[in-house]
Amino acid sequence: MSQSMAISAIGKMRGTPEESLFKRYQTRLRLNLEIKEIHVGGTSSAEQKHRENVALLDTCKEDEFVIALDLAGKNLDSLALADKMREWQETGKNLRFVIGGAQGLDRALLERANFTISLGKMTWPHMLVRVMLMEQLFRSQSILEGHPYHRDDRPT
């Protein structure tokens, strides 16, 4: 994974139990990873969602390949994600993953995204989503490098 990668996410992870897990996988990834944490307030859920989405959208550079994490996105297994990572790397563009807050992502951000993935139909806390994404990025790196971290031989 040679190009740079970024994660834009709502909320501050500082001092949370999830932060140590996130950093554990971050140190295993051999890439330049930028984390952009966003905290904006609002007087209502609708206003907060709007402000969060505007701030997230502002982090997406025009020349980046943007991958949104959303409940309605494509549900990939780890091997399919690794294939997508290879495909996205071949674009030569820097990658940016976007993780919304409790109200999710709005249409403008989803339309900006080049691809949308889901971590399943269950709702996950957005701090835990960061950890799950990092683990899957590390797993994709391992799969693409032929490292035995990913066990593909388990019975189904």
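**Second largest pocket**

I looked up which element gives the most to the lining of the second largest pocket: helix H5 has the largest share, with three residues. The model is predicted: local features need pLDDT of at least 70, side-chain atom pairs count only at pLDDT 80 or more, and totals for chains, interfaces and linings use all residues. Residues are numbered from 1 along each chain as its sequence is written, and side-chain values use heavy atoms, without hydrogens and water.

I noted the terms. Helices (H or I, at least four residues) and strands (E, at least two) are DSSP runs, numbered from the N terminus. A pocket is found on a 1 Å grid over the protein atoms alone: it is an open set of points where a 1.4 Å probe fits, with protein on both sides within 12 Å along at least five of seven lines. Lining residues have an atom within 4 Å of a point.

The volume of the second largest pocket is about 160 Å³. Here a volume is the space filled by probe spheres set on the points, with grid points joined across faces, edges and corners. I listed the lining: Lys74, Asn75, Leu76, Asp77, Ser78, Leu81, Ile117, Ser118, Leu119, Met132, Leu133 and Gln136. S3, H3, S5 and H5 are the elements that give two or more residues to this lining. I sorted its residues into six nonpolar, four polar and two charged. For this sorting, Ala, Val, Leu, Ile, Met, Phe, Trp, Tyr, Cys and Pro count as nonpolar, Asp, Glu, Lys and Arg as charged, and the others, Gly among them, as polar.

I then checked Asp77, one of the lining residues. Asp77 sits in the loop between S3 and H3. It is partly exposed because its relative accessibility is 48%. The cut-offs are these: buried is under 20% relative accessible area, exposed is over 50%, and partly exposed is in between (1.4 Å probe, protein chains only).

**Largest pocket**

Next I took the largest pocket, which holds about 380 Å³ of space. Its lining has 18 residues, and Leu69, Asp70, Leu71, Thr123 and Trp124 are the closest to its centre. Two or more lining residues come from each of S3, S5 and H5. S3 has the largest share, three residues. The lining divides into 10 nonpolar, seven polar and one charged.

**Helix H5**

I went back to H5. It has 19 residues and reaches 27 Å from first C-alpha to last, close to the 27 Å expected at 1.5 Å a residue. The expected span is 1.5 Å times one less than the number of residues. H5 is mostly covered, as 14 of its 19 residues are buried. Just after H5, Gly146 takes a positive phi of about 70 degrees.

**Nonpolar cores**

Which residues touch the most other members of the largest nonpolar core? They are Ile7, Trp88 and Phe97, out of 27 residues. A nonpolar core is a set of buried Ala, Val, Leu, Ile, Met, Phe, Trp, Tyr and Cys residues joined through side-chain atoms within 4.5 Å. The largest share of this core, seven residues, comes from H5. Another core, of 11 residues, lies apart from it; Ile38, Ala55, Ala68 and Val98 are among its members. In soluble globular proteins, nonpolar side chains tend to be buried together.

Is Leu33 buried or exposed? Leu33 is buried, because its relative accessible area is 14%. It lies in strand S2 (residues 33–38).

Lys12 is in the loop between S1 and H1. With 41% relative accessible area, Lys12 is partly exposed. It touches Glu37, His39, Met127 and Arg130, not counting residues up to four places away in sequence. Lys12 and Met127 are 115 residues apart in sequence, yet 8.5 Å apart in space, C-alpha to C-alpha.

Last, I looked at Lys23 in helix H1. Lys23 is partly exposed, at 43% relative accessible area. Its C-alpha is 8.8 Å from that of Met134, 111 residues apart along the chain.

How values were computed:
Contact = heavy atoms within 4.5 Å.
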